[in-house]
Amino acid sequence: MAIEVPRRAVLSRPLSVPLIATVVGALPLAVAAQPGPGMRDTAFWLQLVVAGYAGVRLCAMVLSGRRQLVQGAFWLFGYLAMGIAPLAQSVLGRDPTPVLGPREDTQLAIALVLCGMIAFDVGALLARVRPLGRERGRPASVHRGRLAALVILAYLASGLLIVQLGGPAVFFTSRQEISASLAEATGGPSDASDGGGEAGNALLRGFGTVPAMLALLFLTRWLVTSRDARRRPAVVLPWAGLLLVNTIVNNPISNPRYWFLTVLFALLFTVFPRSPVMYRAALALGLVVALLVFPFTDRFRYEEGEQRPLETDSVLEPLVVKDYDQLNMFANTVTFADDGNGHSYGEQLAGAVLFFVPRGLWADKPEDTGFLVGGWMGTDSANLSSPLWAELWLDFGPLGMSLVFAGVGYAAARTDRRYVRRTVDDPSPGNVLAVAVPVLAGYSFILLRGSLLQASGRIGIALLCLALVTTFRPRPRSELR
């Protein structure tokens with residue numbers, strides 16, 4: 001350990017100066033200096049502060065000697081989606097989603113974003129002050145027989161999804177074609193205009209993708225940490241089959257980009273659970289991919305001939321596409337509440353937590369927040385984001401939002417510390433936390449983008465899968481070795 005710390009310090013010194021100079025200084029200032037018709041008003045300067053603050057925290061995550069997966073994902077999203085992208089939109093005077101309210105509502109939304117980030121940091125600081133202490137009882141581990149059941153479930157559920165949609169070929173066409181096939185398979189519409197049809201689509205797709213991803217991750221963890229497992233066809237062959245299944249059902253062409261990012265992020269840290277170099281590279285490359293690759297993959301959403309060309313009149317053009325409408329939707333949420341709708345006092349969060357309750361039993365079940373605000377805006381688009389800031393502010397107001405963000409920061413820091421301790425001290429193949437935390441870190445991009453109701457379905461299915469394979473009383477015959 002005494003040798004490892006100096007090596008990490010030596011590695012961070014040559015990286016720190018150019019990284020901080022680029023992320024905190026050069027990129028925000030380069031964006032701000034671009035020519036454009038946008039106003040250089042209070043909202044603009046506040047946005048520059050948000051980008052700078054999130055950039056400092058992102059650099060701290062990258063240069064840290066400890067792997068902080070959940071916190072790193074938060075600051076990567078905060079820097080890009082709530083910092084740099086809105087700054088570029090402000091400079092160009094272009095909004096990927098129409099902002100209906102006055103400029104003051106946008107200014108308030110930016111200030112609330114900054115408050116949420118500071119509250120998250122306060123919560124993380126409190127978590128670092130409090131020691132973890134010793135874990136009581138046996139840690140969660142994977143039961144071999146239950147893992148076999150999950151593998152079978154993954155094959156059956158993904159197979160059903162493939163058959164229902166007409167075969168593997170449709171998964172390599174476009175998301176538009178997938179939505180049409182889902183609507184035909186479930187007898188519902190391809191958008192969110194009908195709650196029942198959308199619920200059927202979500203269940204079919206959720207069970208067809210989530211168990212396959214988790215089964216692949218658990219088997220990957222087993223192969224990475226156990227030489228004996230790599231010699232056993234009973235482990236290698238199901239893993240190879242699941243790799244093929246995931247290539248079909250979880251590929252980036254037919255899936256939302258944030259979901260594919262979740263799969264990729266989780267697989268990366270399952271294969272390299274103890275590498276600080278890989279952790280730093282993932283955050284740094286994630287920044288580059290989000291800036292340069294994400295906007296162009298929007299073409300996979302449409303059928304051939306219907307793709308929307310990406311204009312490139314400005315170097316900032318990739319940052320004004322609909323992928324980065326989070327601040328716009330937050331500003332619209334502020335206007336929506338001021339327009340007489342008020343705060344929901346926890347109803348929206350309750351609807352997300354109790355997503356599985358059908359509307360037939362809960363007549364007043366809240367709508368998806370993005371769709372709710374979008375309806376007020378006069379659009380029927382089902383692809384409007386509702387960032388976590390907007391969800392919490394609409395439910396609990398500014399004070400409640402800040403308190404919840406402090407709790408989220410506290411939980412994220414504690415989770416990261418437990419993950420490091422469990423992956424360093426417990427390299428066993430059946431370490432549940434070594435798989436669950438990378439999945440949570442990857443999925444946090446979806447949770448932060450929102451809306452929570454849309455994100456809840458896959459969370460529920462993932463929790464069921466984790467409960468299926470987890471045991472706290474392993475026996476020698478049931479342990480992975």
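Where in the structure does Y345 lie? Y345 sits in the loop between α12 (326-341) and α13 (347-353), and point 6 returns to this residue.

1. **What you are looking at.** This is a predicted model, in which local features need pLDDT of at least 70, side-chain atom pairs count only at pLDDT 80 or more, and totals for chains, interfaces and linings use all residues. Residues are numbered from 1 along each chain as its sequence is written, and side-chain values use heavy atoms, with hydrogens and water left out.

2. **Overall make-up.** You will find 17 helices and two strands in the protein; helices (H or I, at least four residues) and strands (E, at least two) are DSSP runs, numbered from the N terminus. Of its 481 residues, 52% are buried, where buried means under 20% relative accessible area, exposed over 50%, and partly exposed in between (1.4 Å probe, protein chains only). Among contacts (heavy atoms within 4.5 Å) with a separation of 6 or more, 80% are between residues 24 or more positions apart.

3. **Confidence.** The mean pLDDT, the predictor's confidence in each residue from 0 to 100, is 83 for the protein, and 83% of the residues score at least 70. Please take care with residues 190-197, where pLDDT stays under 50, and with residues 305-310, where the pLDDT is below 50. Where pLDDT is low, the predicted coordinates should not be read in detail.

4. **The main core.** The largest nonpolar core holds 123 residues, and F171, L214, F218, F330 and W389 touch the most other members. Such a core is a set of buried Ala, Val, Leu, Ile, Met, Phe, Trp, Tyr and Cys residues joined through side-chain atoms within 4.5 Å. Helix α3 (residues 69-92) gives the most to this core, with 16 residues. Domain 1 (14-131 + 313-406) and domain 2 (141-257 + 422-471) both contribute residues, so the core lies between them; the domain bounds come from an automatic or database domain assignment. Beyond four places in sequence, the residues that F171 touches include L161, I178 and I253.

5. Q47 belongs to helix α2 (residues 42-63) and counts as buried because its relative accessibility is 2%. A polar atom of the Q47 side chain lies 3.2 Å from the backbone oxygen of G83. P427, in the loop between α15 (388-425) and α16 (433-449), is partly exposed, with a relative accessible area of 45%. P427 is in contact with R221, T225, R274 and R422, leaving aside neighbours within four places in sequence. From P427 to R221 there are 206 residues in sequence, and 9.7 Å in space, C-alpha to C-alpha.

6. **Backbone details.** Y345 has a positive phi of about 55 degrees although it is not a glycine, and Y345 is exposed, with a relative accessible area of 68%. Helix α14 (residues 369-377) has several buried residues, among them F371 and M377. Just after α14, G378 takes a positive phi of about 95 degrees. Finally, G450 and S451 are joined by a cis peptide bond, with omega about 0 degrees; S451 is in the loop between α16 and α17 (452-469).

Key. Polar contact = N/O pair within 3.5 Å; in protein donor to acceptor, adjacent residues only side chain to side chain.
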